[in-house]
Amino acid sequence: MSLSQVLPEVPPAERAPDAAWADEVRALAERRNAVVLAHNYQVPAIQDVAHHVGDSLALSRIAAAADADTIVFCGVHFMAETAKILAPDKTVLIPDARAGCSLADSITADELRAWKAEHPGAVVVSYVNTTAAVKAETDVCCTSSNAVEVVESIPADREVLFLPDQFLGAHVRRVTGRENMHVWAGECHVHAGINGAELTAKAEADPDAELFVHPECGCATSALYLAGAGAVPAERVKILSTGGMLDEARETRAKSVLVATEIGMLHQLHRAAPEVDFRPVNDRASCTYMKMITPEALLRSLRDGTDEVHVDPELAARGRAAVQRMIEIGRPGGGE
Ligand code: SF4
């Protein structure tokens with residue numbers, strides 16, 4: 001047996017994201033009349049080369065308003081789908097279509113239809129981390145910034161089906177006191193590692209640190225739940241959207257801040273306030289799906305026009321109505 005039959009195949013080395021790579025990305029984007037959008041959880045090189053960095057809803061709104069013919073969405077698949085829903089006439093590319101989301105995958109459209117059949121007349125409220133097919137079965141989408149207001153806008157005698165995030169659902173039920181609200185048992189498995197014991201230990205070890213909790217991610221919704229349940233003193237906990245987190249970073253007097261969200265966010269926080277010591281509550285809280293968008297994949301996407309995101313027009317129209325209702329209620333913030 002030869003050595004090559006024994007050893008696993010070694011994938012070709014990824015090209016390092018150097019200045020030449022960045023120049024090539026920008027030149028290809030210009031040639032294609034493309035705008036490159038990067039989610040806050042992307043690797044730093046992609047955040048730095050993108051035209052816009054932000055959270056999913058803010059980026060989708062930028063996509064819809066952009067002059068560009070092509071949107072290259074460096075994020076996970078449901079986010080690129082939401083951009084396509086809001087900008088149906090544009091070409092939307094994601095550098096690797098395999099970049100999914102365990103939270104969005106925790107409920108399918110078939111499962112939702114079966115759940116609706118068990119509760120005829122119920123109003124369906126879906127967190128923005130859902131597929132286009134699930135959004136099409138939804139009455140109103142929400143972000144965690146406006147989830148409470150969305151549920152409060154529904155007449156008290158109507159049942160509510162809330163999905164897919166059980167932590168956000170538990171938080172909304174606690175705040176609204178609503179008993180006729182059913183919550184789907186979904187979660188972000190990537191961040192199941194952020195737990196009460198870890199939060200409490202980190203907060204106790206650094207009693208002067210503030211805690212920034214970003215509520216639009218599976219990891220952070222569990223942190224939100226724990227903070228609300230008193231695991232960490234309330235006055236030190238700041239529940240903030242991504243934009244709010246960056247604003248607060250510039251304002252804070254704290255020397256150190258514990259950050260409960262995906263670790264990619266730390267790059268933007270360090271840039272916003274280099275003098276503050278930002279530390280992750282869980283330094284393993286890295287989304288493997290987000291990190292599938294590599295610098296090489298971005299280059300390939302711009303060069304070859306891959307992977308194009310398609311959403312059935314009829315599904316898109318129904319999903320768009322649910323997303324538009326979300327935007328009209330309260331302050332939807334930015335999504336994950
Ligand atoms: S961090 Fe969790 S919720 Fe966010 S994209 Fe990754 S898997 Fe989905």
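Trainee: What makes residues 123–127, where tyrosine 127 is found, strand S5?

Mentor: Strands here are DSSP runs of E with at least two residues, helices are runs of H or I with at least four, and both are numbered from the N terminus. Residues 123–127 form such a strand, S5, and tyrosine 127 is found in it. Bear in mind that this is a predicted model, where local features need pLDDT of at least 70 and side-chain atom pairs count only at pLDDT 80 or more, while totals for chains, interfaces and linings use all residues. Residues are numbered from 1 along each chain as its sequence is written.

Trainee: Why is tyrosine 127 called buried?

Mentor: A residue is buried if 20 or more other C-beta atoms lie within 10 Å of its own, exposed if 12 or fewer, and partly exposed in between, with C-beta atoms placed from the backbone. Tyrosine 127 has 30 other C-beta atoms within 10 Å, so it is buried.

Trainee: Which residues is tyrosine 127 in contact with, leaving aside its neighbours within four places in sequence?

Mentor: Those are Cys142, Leu163, Pro164, Asp165 and Leu168. In contact means that the two C-beta atoms, placed from the backbone, lie within 7 Å.

Trainee: And what makes glutamate 149 partly exposed?

Mentor: Glutamate 149 has 15 C-beta neighbours inside 10 Å and therefore counts as partly exposed. Glutamate 149 lies in helix H8, residues 147–152.

Trainee: How do you know that Cys101, Cys188 and Cys287 belong together?

Mentor: The unreviewed UniProt entry covers Cys101, Cys188 and Cys287 with a "binding site" annotation. They span 187 residues in sequence, yet no two of their C-alpha atoms are more than 9.5 Å apart, so they gather at one spot.

Trainee: Why are cysteine 101 and cysteine 188 called buried?

Mentor: Cysteine 101, in the loop between S4 and helix H6, is buried because it has 24 other C-beta atoms within 10 Å. Cysteine 188, in the loop between strand S8 and helix H10, counts as buried because it has 27 C-beta neighbours inside 10 Å.

Trainee: What makes S2 and S4 edge strands?

Mentor: Two strands pair if DSSP finds at least two bridges between them. The open sheet has 4 strands in the order S2-S1-S3-S4, with parallel pairing. Strands S2 and S4 each have a single partner strand, so one side of each is left without a neighbour in the sheet. As for S1 and S3, 5 bridges join them, and alanine 38 stands opposite cysteine 74 in S3.

Trainee: Why are H5 and H15 called roughly perpendicular?

Mentor: Axes are lines fitted to C-alpha atoms, for helices over the stretch in contact, with angles from 0 to 180 degrees between N-to-C directions. Angles under 35 degrees count as roughly parallel, over 145 as roughly antiparallel, 65 to 115 as roughly perpendicular and the rest as oblique. The axes of H5 and H15 come within 9 Å and cross at roughly 95°. H5 and H15 are therefore roughly perpendicular to each other. Thr82, Lys84, Ile85 and Leu86 of H5 make the contact with Ala316, Gly319, Arg320 and Val323 of H15.

Note on methods:
UniProt positions are given in the numbering used here, feature names are shortened, and annotations may be inferred rather than shown by experiment.
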